[in-house]
Amino acid sequence: MCGICGYVGKNNGIGEVVGGLKILEYRGYDSCGVAYLDNEKINIVKTIGGVDNLSDLSKDINANIVIGHTRWATHGGVSEKNAHPHISSSKKLAMVHNGIIENYKELKEQLDANFYSETDSEVFLNLIDGEEGDLVEKTIKASKKVQGTFAIIVLSESGEVVLGKRESPLYLSKTAEGIFVASDVLALKGEYFYSLNDDEFVSIKNFQILFYNKNGEKIDKKQEKIEKNEVFSDIFCKSHMESEIFETKDALLKTLKKYKKDDVFSNIKLPKNLNSISLIACGTAYHASLMGAEFFKEAGFDARAYLASEFRYGRELLNKNTLYIFVSQSGETADTIASAKMVKSRKFYTLALTNTPNSLLNRICKNVLPTFAGREIAVASTKAYTCQIWSLYLFSLYLAGKKLPTENKISNIPFLNFDEPYIKEIAGFEKVFFIGRDLDYITAMEASLKLKEISYINSVAIASGELKHGTLALIDKDAVVIAICTQGKIKTKLLSNLEEIKARGGKVIVVSQFDDFKDFPCVKLPKYDELLMPIVSIIPLQFLALRICELFGYNPDKPRNLAKSVTVE
Ligand code: G6P
């Protein structure tokens, strides 16, 4: 989380960096700032809130060397003083930092410096400033003393810029106009870029780039081609989230076409005796993984999905006949990355299922299976989720030796909003429950997460069979239960659950393609293949969360306290 940008060149760096931060704003939007060089003096402009505020505050400044940051608070509350860039006690260095310095308290006690913020980043900066040597040497020495993760840009009053990284992404590119640095390839300019590995450092002086390893030795690095994620739509929508839901069909279609054209599945290197599949992910991608596990079971494999934050510390016995699939829209999520590194280090088969070309996860894993959902900006994942489900479904067909569906299959996917009158009604409840069984239970989890994320209503997803084992105690006239039923085999079971809820005064709204729920208000889904109903049923539920968020006047693209890519643990 947090976005980092830097620029050294001929143009006005303020425009370049603020423009870059705008692209990265989805990574953090608590506060932001820039540091720039003016006659060998470092100046800083910071503000609480979004990059538009920063743009207003800095519009009259002109500088050729600029570093900037958009923050998602970890250590220290949201305030101007905690916003980056920070300046060292000697005022000779400024720095922006992504990541967490775990031992900052111990280090702080050892430093003889004035601190202006509560952040761990400022401690790292003063540690660098206190070391001996030139700026790269100082940075390398200090990096050996810090525990934790970082991507940093350090600016000195002499105009030198130094970069360094450990387990937090950092990239740079060079064009005729200047050198661009960013924590996401998206915010770089040019056609090619350099990617830094852990504990690599860079010095930018007099428009020259020099790379160093952790021992301070110069190293060569190769450039890679920038593959930017396509931005799909020019549909007029009130928010990114809305346009991204509308882009679902395009995303699915594009993914299918690419898979067929490039024969992607046959390029995936599988264990010789593949017998099981583990899927590892966070957040919405975890829900797609749960769905994927069901598809792989259907295809005859033992399959299981894990939360990456649990998997990496768990007791799973890794197995050479297992394929480990890491599912991530961004390909940058810290826990997913750490889990992938752990499996890779033990030489087991890894596959990255990501929506972001050039992502860190793609570099780690042996195989890459891209989704082609196009760039997703809203924090709440929508089209990337449906695309992940689709991609896992297609892969399961391939593994089962079945043919991939025709493109018509997508054109026929029905697309549905949530019925208007129910939206207002649900928004008025204090307790919202989503229930379902089998695949619908997974959809319930995802629908509940969407509602929490952007409308801030407390909601819970329950496997309907579990209601009687506790949650039924909460059902009364203040509760609304949204029951999802798309799998024929569980219709009758769900009906009895609904009667139990009704008998206790709870309001029930059903989301289903079946005619069996006539006694209840129902958002009627169109009929489609049952295995693919999770794609059909989540769309009205994504709209439900979005419309309630709009009703409350919140910004669906930037929910409070959250960020699009969680690059810290
Ligand atoms: C964050 C985002 C979620 C996302 C999760 C995993 O929490 O807000 O929308 O599902 O990270 O992200 P990934 O990029 O790994 O899919």
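## Contacts with the ligand

A polar side-chain atom of serine 330 lies 2.6 Å from an oxygen atom of the ligand. This is a predicted model, and the distances given here are computed from it. In glutamine 329, a polar backbone atom is 2.7 Å from an oxygen atom of the ligand. In alanine 563, a backbone N or O atom lies 3.0 Å from an oxygen atom of the ligand. Each of these distances can be set against the cut-off for a polar contact, a pair of N or O atoms within 3.5 Å.

How much of the ligand does the protein bury? Taken alone, the ligand exposes 390 Å², and the protein buries 89% of that area.

## The shell around the ligand

The ligand sits in the largest pocket.

## The chain as a whole

The chain contains 17 helices and 25 strands. Its radius of gyration is 25 Å, close to the 25 Å that the globule rule gives for 569 residues, so the chain is as compact as a globular protein of that length. Along its principal axes, the C-alpha trace spans about 75 × 55 × 45 Å.

## Two backbone details

Where is proline 85 found? Proline 85 belongs to the loop between strand E4 (65–71) and strand E5 (86–87). The peptide bond that joins histidine 84 and proline 85 is cis, with omega at about 0 degrees.

The other feature concerns aspartate 199, in the loop between strand E11 (192–195) and strand E12 (200–205). Phi of aspartate 199 is near 60 degrees. This is a positive value in a residue other than glycine.

Definitions and conventions
Residues numbered from 1 in each chain as written. Predicted model: local features only at pLDDT ≥ 70, side-chain atom pairs only at ≥ 80, totals over all residues. Heavy atoms only, no water. Polar contact = N/O pair within 3.5 Å; in protein donor to acceptor, adjacent residues only side chain to side chain. Areas by Shrake-Rupley, 256 points an atom, 1.4 Å probe, with all protein chains shown as cover. 1 Å grid on protein atoms, 1.4 Å probe; cavity = no way out; pocket = protein on both sides within 12 Å on 5 of 7 lines; lining within 4 Å. Sits in = over half its atoms within 2 Å of the grid points. Helix = DSSP H or I, 4+ residues; strand = E, 2+ residues; numbered from the N terminus. Rg over C-alpha atoms; globule rule 2.2 N^0.38 Å.
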